[in-house]
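Hello,

Here is the structure I promised to pass on to you.

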Amino acid sequence: MICPKCGRMVPDGSQCPCGAPVLSSNPAVNLLKTIGSSPKFLTAVILYTVMVVFNILSSFASGDWINALYYYGANYGLDPDIFYPMMSALESSSLLGAVMGSIPAILLAVGMWMFYVTCRNTQSGNISTAGLTICKVIAYITLVFICALAALLLVMAVLLMIGGVATTSAYNSYYYDDGSAAVLITVLGVLLVVLAAVMALLIAYYVCVIKTINRIKASALNGVPDNRIPRFLTVLMMVTGVLSGLGGLFSLFTTPAAGIASLAGAVCAILMALLLSEYRAKMSMLLYPPVQPMYNNMPPYGNVPPQQPGGPNGSNLS
């Protein structure tokens, strides 16, 4: 097998001279466990957990509108016996809603921690795919939600365009046409195209995520190397991480909790893109191992006759 640390060819199940631990006798599983228990993956899991925690905190801190309602209620002389219990219930429901909305992200964090723990385990050469299954289920649910939202927004955009055309036609029947109808239809058309492009990009992203998780699970269960990690996925994760990091830097000055969450999520996305690229490259080495050159006992090139012991012409020089 190929050592995941230095790339040296070593017998299956044996330790490499570089000192890399052998976590499984199967080369593909050993590679998967090595990457899944690496400090880089642990850092990504910790950063994702930090992102989830600070997103929840930022949801709690975004209750300024509740404080504004308290202020207006006190100034306008509303009955405290009715107003304050109602506001208390509203505040509790908003906090509960923030926690409930964070459940998918919390489950993803749990799945990532489970995958790290099973890769870190040296008692068994196998990998439990329970954490990957949780991540796949969340990805499926997110994909279905995005598809439903895309269909709903598409219907709304079409209805708005039809309503805009009907309204401008009625307007032009009574007033002079000043070109506003064409501008309105153009703006709606551009918004529809941008919306369709964003939704298509999100759908393609989550389809790639699901395919990648399925292929990693298959390698973990069957021990068969698979290097089919879409480059579209790694590039989009890298771009998303960079953009999210820039947004997080600006958010630090307005909402520090949301800014920290964005920065943690950005670094996590970049690390995951790097890990997937490394996984693809090393799985490719398992699928197509490098040819080892042979320098000893190689046949002579061309038709050069074998040389005699006494010299080039077989004569003794002494």
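A search of the whole structure finds zero disulfides, a disulfide being a pair of cysteine sulfur atoms within 2.5 Å.

Please keep in mind that this is a predicted model, where local features need pLDDT of at least 70, side-chain atom pairs count only at pLDDT 80 or more, and totals for chains, interfaces and linings use all residues. Residues are numbered from 1 along each chain as its sequence is written, and side-chain values use heavy atoms, leaving out hydrogens and water.

Now to the helices (DSSP runs of H or I, at least four residues, numbered from the N terminus). H1 (residues 27-36) packs against H9 (residues 256-287) at about 160°, with the axes 11 Å apart; axes are lines fitted to C-alpha atoms over the stretch in contact, and angles run from 0 to 180 degrees between N-to-C directions. That makes the pair roughly antiparallel (over 145 degrees). Among the residues that meet are Leu31 and Ile35 of H1 and Tyr279 and Met283 of H9, where contact means heavy atoms within 4.5 Å.

H1 also meets H5 (residues 103-120): their axes come within 8 Å and cross at roughly 120°. H1 and H5 are therefore oblique to each other. Leu32, Lys33 and Gly36 of H1 touch Phe115, Tyr116, Thr118 and Cys119 of H5.

Best wishes

Conventions:
Helix = DSSP H or I, 4+ residues; strand = E, 2+ residues; numbered from the N terminus. Parallel < 35°, antiparallel > 145°, perpendicular 65-115°, else oblique.
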